[in-house]
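Work through the exercises below with the sequence and the coordinates open. Each task is followed by a stepwise solution.

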Protein chains: 2
Amino acid sequence: MTNHALFHTLHQLSRQLTNSLNEALKPFGLYSAQWSVLFVLHTKGSLTQKELSEYLFVEAPPMTRTIQRLVKQGFVRQIPGKDKREKYIQLTEEALKEFPKWEHAVSECNNDLLKKFPEDSQQELLKLQSVWLKQLL
Amino acid sequence: MTNHALFHTLHQLSRQLTNSLNEALKPFGLYSAQWSVLFVLHTKGSLTQKELSEYLFVEAPPMTRTIQRLVKQGFVRQIPGKDKREKYIQLTEEALKEFPKWEHAVSECNNDLLKKFPEDSQQELLKLQSVWLKQLL
DNA sequence: TTAAATTGTTTACCTAGGTAAATATATAGG
DNA sequence: CCTATATATTTACCTAGGTAAACAATTTAA
């Protein structure tokens, strides 16, 4: 019965990585969930909250909270859509200015976490995870 | 830059699995973190909270909370140690009686989550995760 | 055209897990 | 012995993410 170990190590890994990312983002007053939103907005441009939560596979309420924190910090704006139920979220100039620093810190953190883990193992791991995840969703 | 996808899918996977486990445990009024504690106590016998949190790589405060909920539900007892700072945690008779049902439900859930994911992929995934995790800790 | 159903967001409340600081007990050193 | 340090647990407070239900705007149907 290797199942238990599989779930256990996956959960542990996820927590360790999130903790490290939070540590790396601390100097900028950001947390991992905020970073994931900022990253998506930076690559995909303005999105509605619905689109954001679907893309990140997160329910609407936590997305609302994360966005409200980003608004309060001045990194994101909520623009009412033509359909007045929806709100488009976009990065502020401040966020665009700071983004490269954040990205650099996250990148350093990730490299550090992976530096002793061979490149081909990373590839293989990503492939296995992706296949499994796709089956679950 | 495959790093981002690697972290992202791992995080998603972890969340999906936890959600499924919570769903499977719902009929018994249990949550995933509680189950992890019950499982460890069942396999290793009575442990102090310190030992539990070290074994599960969880900080002391969340462990206290999880245990307090289990105490309230009558599934676990706190026994003062010879060293009066520490508390040994043990399963109650009620928990021992119910355990097989819980284990069966969790097992079914796990099998269901893995049924379309080949056995050798599972092995490979576990190996990669374990290697990486060991390097991080 | 108005009533009913649907959709996007928010509010309220829950578990999970983290840090910092308080508390109580044990252990060492002077 | 008594003070200082170390350790186990708890408390208070934070983010992350989940469900259920409220609310407002939109769409569908009668």
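**Exercise 1.** In which helix of chain A does L38(A) lie? Then determine whether L38(A) is buried or exposed, and list its contacts beyond its sequence neighbours.

Solution. The model is a predicted one.
Step 1: L38(A) belongs to helix α2 of chain A, which covers residues 32-44.
Step 2: The relative accessibility of L38(A) is 0%, and because buried means under 20%, L38(A) counts as buried.
Step 3: With neighbours within four places in sequence set aside, L38(A) contacts L30(A), L70(A), F75(A), V76(A), L91(A), F99(A) and W102(A).
Step 4: For one of these partners, W102(A), the C-alpha to C-alpha distance from L38(A) is 9.7 Å, at a sequence separation of 64 residues.

**Exercise 2.** Describe the packing of α2(B) and α5(B).

Solution. Two packed helices are described by the angle between their axes and by the distance between those axes.
Step 1: The axes of α2 (residues 32-44) and α5 (residues 93-114) of chain B come within 11 Å and cross at roughly 120 degrees.
Step 2: At that angle α2(B) is therefore oblique to α5(B).
Step 3: The handedness of the crossing of α2(B) and α5(B) is left-handed.
Step 4: On the α2(B) side the contact is made by W35(B), L38(B), F39(B) and H42(B), and on the α5(B) side by L96(B), F99(B), W102(B), E103(B) and V106(B).
Step 5: Sorted by type, the residues of this contact are 7 nonpolar, 1 polar and 1 charged.

**Exercise 3.** How many residues does the largest nonpolar core have, and which have the most contacts inside it?

Solution.
Step 1: The largest nonpolar core has 30 residues.
Step 2: L125(A), W132(A), L125(B) and W132(B) have the most contacts inside this core.
Step 3: At least two residues of the core come from each of α1 (3-25), α5 (93-114) and α6 (119-136) of chain A, and likewise from each of α1, α5 and α6 of chain B.
Step 4: Take W132(B): leaving out residues up to four places away in sequence, W132(B) touches L13(A), L17(A), L113(A), L114(A), F117(A) and L125(A) in chain A, and L6(B), F7(B) and L10(B) in chain B.

**Exercise 4.** Summarise the fold of chain A: what are its elements, and in what order do they run?

Solution.
Step 1: Chain A has 6 helices and 3 strands.
Step 2: Starting at the N terminus, the order is α-α-β-α-α-β-β-α-α.
Step 3: The C-alpha trace of chain A spans about 50 × 30 × 20 Å along its principal axes.
Step 4: Chain A has 137 residues, of which 42% count as buried.

Technical notes
Residues are numbered from 1 along each chain as its sequence is written. Chains are lettered from A and ligands numbered from 1 in the order in which they are written. This is a predicted model: local features need pLDDT of at least 70, side-chain atom pairs count only at pLDDT 80 or more; totals for chains, interfaces and linings use all residues. Side-chain values use heavy atoms; hydrogens and water are left out. Helices (H or I, at least four residues) and strands (E, at least two) are DSSP runs, numbered from the N terminus. Buried means under 20% relative accessible area, exposed over 50%, partly exposed in between (1.4 Å probe, protein chains only). Contact means heavy atoms within 4.5 Å. Axes are lines fitted to C-alpha atoms, for helices over the stretch in contact, and angles run from 0 to 180 degrees between N-to-C directions. Angles under 35 degrees count as roughly parallel, over 145 as roughly antiparallel, 65 to 115 as roughly perpendicular and the rest as oblique. A crossing is left-handed if the near helix is turned anticlockwise from the far one by less than a right angle, and right-handed if clockwise. Ala, Val, Leu, Ile, Met, Phe, Trp, Tyr, Cys and Pro count as nonpolar, Asp, Glu, Lys and Arg as charged, and the others, Gly among them, as polar. A nonpolar core is a set of buried Ala, Val, Leu, Ile, Met, Phe, Trp, Tyr and Cys residues joined through side-chain atoms within 4.5 Å.
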